[in-house]
Amino acid sequence: MSATAVQPIGPALEPPARWVRWLGWGALLFFVASQATGVLISPPDRDMGHLQKIMYVHVPAAWTSFIAFGVVLVASIAYLWKRSERADLVAASAAEIGTVLTGLTLALGSIWGKPTWGVWWTWDPRLTSTAITFVIFVGYLALRAFVDDPERRARWSAVVGILGALNVPIVYMSVKWWRTIHQLQSSPSTVDSEYALALRLNAFAFLFIFVYLLARRYRAAKVERATEARQDARALGEGA
Amino acid sequence: MQSNAFVVAAYVLTWVVLGGYAAYVWRRFVRAERALRAEEAPRHVTARAGRPGHELGGAA
């Protein structure tokens, strides 16, 4: 095992930063207020009626998953460059949250698709490329679960993380590059001004939730890694 | 009426997934913290055992 080659992280059991707790409560309140704005204040669409309100959870979930995979990309490159254990754990934490958000995006899209397109699923370029990204990152998490050597696990998952994150621009551009039944990219500038406020609020709400979950998940990963290092050291000591 | 059911399902699913994941992260941290303290516990016992007069220090 060559785990000693990586830069170690700091003390694992140091108390959580106060800003994380405040961010958690703030993000929860902001999330409730944003959802209430979307459901109760935003008017129903002329064609879709109240179904349009699914946009306020579907689109922010998708955007935030893109941000999560962007963090995976940067942290994975940082790991391969600096061999920093911290970068590896940040990448792993962001990848897990990004996978959850991508799964949520697919499920919400399916719930929206059934009443509007008439089907739960279709092999449309946007849906298919999103599903491929989801499968890649499920593979990333499986890889981390099955490789015992911390350095090999970090190196291999950094490569998979970079390849998975490079799929995100393909997902984003798929609605322009190929014929698709999915609408073009949604943004506050492409939706009606009456919907822009709720979309912006929910996008920030998801972003705050993501930052909070990332801080919490990173802390759990740091403690798990410290435990793993002690178990490895003890096993090596007993074996000697 | 039916379209409202899809909207409710979407919002309920969002809360269940995000809340469930937050609970999972919390449980994982608690378990990891317990495991780390358990890993560090024998070392404390050994350190105390080395002190003169301690019951684990032996008859000598």
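This is a guided tour of a two-chain model, one selection at a time.

The model is predicted: local features need pLDDT of at least 70, side-chain atom pairs count only at pLDDT 80 or more, and totals for chains, interfaces and linings use all residues. Residues are numbered from 1 along each chain as its sequence is written, while chains are lettered from A and ligands numbered from 1 in the order in which they are written.

**Chain A as a whole**

Select chain A. Its secondary structure comes to 7 helices and 0 strands; helices (H or I, at least four residues) and strands (E, at least two) are DSSP runs, numbered from the N terminus. Its C-alpha atoms fill a box of roughly 75 × 40 × 25 Å, taken along the principal axes. Of the 240 residues in chain A, 41% are buried. A residue is buried if 20 or more other C-beta atoms lie within 10 Å of its own, exposed if 12 or fewer, and partly exposed in between, with C-beta atoms placed from the backbone.

Select residues 18-41 of chain A, which form helix 1. The expected span of a helix is 1.5 Å times one less than its number of residues. Now colour its buried residues: A:A27, A:F31, A:S34, A:Q35 and A:G38.

Next, select residues 55-82 of chain A, helix 2. How many of the 28 residues of helix 2 of chain A are buried? The count is 20, so helix 2 of chain A is largely enclosed by the rest of the structure. Just after this helix, A:R83 takes a positive phi of about 55°.

**A pair of helices**

Show helix 4 (residues 125-146) and helix 6 (residues 168-177) of chain A, which pack at an angle of about 170° with their axes 8 Å apart. Axes are lines fitted to C-alpha atoms, for helices over the stretch in contact, and angles run from 0 to 180 degrees between N-to-C directions. Helix 4 and helix 6 of chain A are therefore roughly antiparallel to each other, a term for angles over 145 degrees. On the helix 4 side of chain A, the contact is made by A:P125, A:R126, A:S129, A:T130 and A:T133. Helix 6 of chain A supplies A:V168, A:I170, A:V171, A:S174 and A:V175. Two residues are in contact if their C-beta atoms, placed from the backbone, lie within 7 Å.

**One tyrosine**

Select A:Y218, in helix 7 (residues 193-239) of chain A. Is A:Y218 buried or exposed? With 20 C-beta neighbours inside 10 Å, A:Y218 counts as buried. Not counting residues up to four places away in sequence, A:Y218 touches A:L89, A:V90 and A:S93. Now find A:P115, 103 residues from A:Y218 along the chain: their C-alpha atoms are separated by 39 Å.

**One alanine**

Select A:A68. Leaving out residues up to four places away in sequence, A:A68 touches A:A94, A:I97, A:G98, A:L101 and A:F210.

**Chain B**

Finally, select chain B, which has 1 helix and 0 strands. Of its 60 residues, 13% are buried. Which residues meet across the two chains? Here 21 residues of chain B are in contact with 30 residues of chain A. The side of chain B that touches chain A has 15 nonpolar, 3 polar and 3 charged residues. Ala, Val, Leu, Ile, Met, Phe, Trp, Tyr, Cys and Pro count as nonpolar, Asp, Glu, Lys and Arg as charged, and the others, Gly among them, as polar.

Note on methods: Angles under 35 degrees count as roughly parallel, over 145 as roughly antiparallel, 65 to 115 as roughly perpendicular and the rest as oblique.
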